[in-house]
Amino acid sequence: MKQSIFTIQSNEKLTESVCKMVLAGDTSAITAAGQFVNIQLKGFFLRRPISVCDYDENTLTILYKVVGKGTEAMSQMKAPHKLDILTGLGNGYDTSVSGGKPLLIGGGVGVPPMYRLAKNLIAEGKHPIVILGFNTKDEIFYAEEFEKLGAEVHIATADGSVGVKGFVTDVVKTIPDYTYFYTCGPEPMLKALSDVTTTSGQLSFEERMGCGFGACMGCSCQTKYGNKRICKDGPVLVKEEIIW
Amino acid sequence: MVNTKVTLSGITLDNPVIPASGTFGYGYEFAELYDINILGSFSFKGTTKEPRFGNPTPRIAECPNGMINSVGLQNPGVEKVISEELPKLAKCFHKPVIANVSGFSIEEYAYTCALLDKEPQVGILEVNVSCPNVHHGGMSFGTDPAAAAAVTKAVKAVTTKPVYIKLTPNVTDIVSIAKACEEAGADGIALINTMMGMRIDLKTKKPVIANKMGGFSGSAIFPVAVRMVYQVAEAVNIPVIGMGGVSSAEDVIEMMLAGATAVEIGAANLVNPFICKEIIEDLPRVMEKYNIKDLNDIIGGARK
């Protein structure tokens with residue numbers, strides 16, 4: 001974990017409620033896809049935990065959904081506004097167990113961490129299959145970016161306006177020979193995926209957090225491997241340890 | 001040169017800054033960020049006789065200038081704390097530590113305190129009769145002078161180390177409870193624990209916290225804490241550890257002027273993990289600014 005000051009380089013809307021922010025700063029504490037950062041916002045007591053979409057040596061990209069007053073304030077910020085950010089939080093995904101053809105399944109605002117994960121897996125010579133789930137056409141974001149990485153991309157929309165009509169699980173059922181799965185999204189989706197998948201996998205969970213770095217026990221959950229803090233021992237849990 | 005050293009029941013602290021129980025874990029997360037041996041001491045996560053997972057989530061709700069938590073005393077139980085956590089803690093913190101203890105019966109308080117009393121690392125036992133987050137838990141002992149006195153007596157009977165009773169602000173007359181603890185043999189008083197609070201989500205129209213209510217902390221409660229520390233310090237002749245919304249060196253000095261000998265920092269640690277380090281480093285500057293050469297000179301200064 002590191003605390004440092006980042007400078008907003010750009011902040012734009014991708015859809016009606018999802019924004020993309022690129023920040024310049026020290027990213028050296030970020031070690032894995034699926035980790036998150038915790039952002040201090042003026043006028044709000046608690047920091048806002050947001051998953052890392054991508055990063056390089058000195059820039060950080062986050063995609064966030066406007067869900068309350070904090071993220072609404074973030075959406076109004078412009079370059080070169082400065083933000084105090086804790087980086088390198090959470091365990092992130094372990095790519096060493098993926099096999100050659102892992103599924104990457106993102107639902108809604110669970111899509112962003114899949115981007116860096118896809119990038120890492122491709123760099124490791126693997127062939128990730130990306131499945132993105134949205135409610136409707138207007139809510140789709142980042143599908144082209146995944147395609148540009150060279151990944152096979154499937155889209156499911158609940159209303160059928162793009163891709164497969166239905167849920168990400170409907171797409172998963174049509175893919176016979178995947179080696180592993182990684183996912184992030186709303187909890188009912190994670191549960192459904194845990195049920196339909198035929199391999200092991202890693203699932204990223206959300207919880208209301210106090211500190212985001214393991215001190216307050218605000219976001220604890222019980223697993224088959226004992227009590228875990230979503231912020232520090234998670235947010236990624238393996239399928240076999242989850243108690244639904 | 002200014003003097004920041006203060007003494008709690010014969011234990012001299014390099015400075016009065018103490019991270020509060022439940023906001024600092026067992027110190028490891030913070031030891032990754034800075035050398036936590038600069039702290040006066042720290043109060044580790046509240047310990048009970050049996051292991052506890054605590055309350056269902058969500059356990060956290062944001063408030064203006066504060067937060068509500070309803071963790072519910074999650075901890076691995078006193079035996080595991082002693083066998084697993086304290087040896088790890090000893091590697092990153094070399095000063096006497098404050099052991100925070102909770103219980104569901106007088107016997108449990110005594111059992112847990114007796115075990116922790118034997119640990120050489122433990123300098124002070126901070127007995128929490130004030131947790132708002134467990135039903136039939138600590139707070140019921142802290143809302144009645146006779147019950148608080150009974151816990152104090154039972155713990156004192158089985159321990160050799162200084163016993164500080166941590167009080168809840170969720171009472172009509174905190175002074176009577178502090179006095180009852182003093183009469184029962186307490187070596188000091190620590191206050192305040194969190195204030196009972198609640199938030200309701202307008203979208204779901206239900207409480208944000210799964211347990212409905214929780215403990216409100218953060219800078220918003222600082223004035224309440226200063227007032228209660230002032231009232232208690234005036235009424236007792238034992239040292240007081242002041243806490244509640246402290247988040248700057250100025251707040252530390254204000255709390256000491258109200259009567260605190262040492263000061264705990266709670267919720268601020270969760271927002272700025274470096275806050276205790278920053279306060280310790282800033283303290284000499286603020287002391288000089290207000291013409292304070294020795295912190296001991298200002299304890300209870302607002303009453304004089």
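# Reading the labels in a predicted model

In this predicted model, chain A is divided into domain 1 (2-89) and domain 2 (95-204).

Q: How many residues from each domain make the contact between domain 1 and domain 2 of chain A?
A: The centres of domain 1 of chain A and domain 2 of chain A, taken over C-alpha atoms, are separated by 23 Å. The contact takes 12 residues from domain 1 of chain A and 13 residues from domain 2 of chain A. A residue counts towards such a contact when its C-beta atom lies within 7 Å of its partner's.

Q: What makes the size of chain A agree with that of a compact globule?
A: For 244 residues, a compact globule would have a radius of gyration near 18 Å, and chain A has 17 Å, so the value agrees. The C-alpha atoms of the chain fill a box of roughly 50 × 40 × 35 Å along the principal axes. Of the 244 residues, 47% count as buried. Among contacts between residues at least 6 apart in sequence, 61% join residues at least 24 apart.

Q: Why are the buried residues of helix α5 of chain A said to lie on the same side?
A: The buried residues of α5(A), which spans residues 187-196, are Met189(A), Leu190(A) and Leu193(A). They cover an arc of only 100 degrees around the axis, and therefore sit on the same side of α5(A). On the other side, Pro188(A), Lys191(A) and Asp195(A) are exposed. To be called exposed, a residue has 12 or fewer other C-beta atoms within 10 Å, while a buried one has 20 or more.

Q: What covers the buried residues of α5(A)?
A: The cover includes the strands β8 (102-107), β9 (129-134), β12 (180-184) and β13 (201-204) of chain A, together with the helix α4 (168-172) of chain A.

Q: What makes β9(A) and β10(A) a pair?
A: Two strands pair if at least two bridges are found between them. Six bridges join β9(A) to β10(A), residues 152-157, and the two strands run parallel. The chain crosses from β9(A) to β10(A) through helix α3(A), residues 143-148, in a right-handed β-α-β crossover. Within this pair, Phe134(A) stands opposite Thr157(A) in β10(A).

Q: How many bridges join β10(A) to β11(A)?
A: Two bridges join β10(A) to β11(A), residues 164-165, and these strands run parallel. A pair needs at least two bridges, so that number is enough. Ala156(A) stands opposite Val164(A) in β11(A).

Q: Why are β4 and β5 of chain A called edge strands?
A: An open sheet of seven strands in chain A has the order β4-β3-β7-β1-β2-β6-β5, with antiparallel pairing. Strands β4 (48-51) and β5 (54-55) are its edge strands: each pairs on one side only.

Q: How many bridges join β3(A) to β7(A), and which way do the strands run?
A: Three bridges join β3(A), residues 36-39, to β7(A), residues 82-89, and the two run antiparallel. Phe36(A) stands opposite Leu89(A) in β7(A).

Q: Which peptide bonds in chain B are described as cis, and with what omega?
A: The bond from Thr57(B) to Pro58(B) is cis, with omega near 0 degrees. Pro58(B) lies in the loop between β4 (43-47) and β5 (60-63) of chain B. A cis bond also joins Leu191(B) and Ile192(B), where omega is about 5 degrees. Ile192(B) lies in the loop between β10 (188-191) and β11 (195-197) of chain B.

Q: Why is Leu73(B) called buried?
A: The cut-off for buried is 20 or more other C-beta atoms within 10 Å. Leu73(B) has 25, so it is buried. Leu73(B) also has a positive phi of about 60 degrees although it is not a glycine, and lies in the loop between β6 and α2 (78-92) of chain B.

How values were computed. Residues are numbered from 1 along each chain as its sequence is written. Chains are lettered from A and ligands numbered from 1 in the order in which they are written. This is a predicted model: local features need pLDDT of at least 70, side-chain atom pairs count only at pLDDT 80 or more; totals for chains, interfaces and linings use all residues. Helices (H or I, at least four residues) and strands (E, at least two) are DSSP runs, numbered from the N terminus. The arc is that of the directions from the helix axis to the C-beta atoms. Two residues are in contact if their C-beta atoms, placed from the backbone, lie within 7 Å. The radius of gyration is taken over C-alpha atoms; the globule rule is 2.2 Å times the number of residues to the power 0.38. A crossover is right-handed if, with the strands pointing away from the viewer, the path from the first strand over the helix to the second runs clockwise. Domain bounds come from an automatic or database domain assignment.
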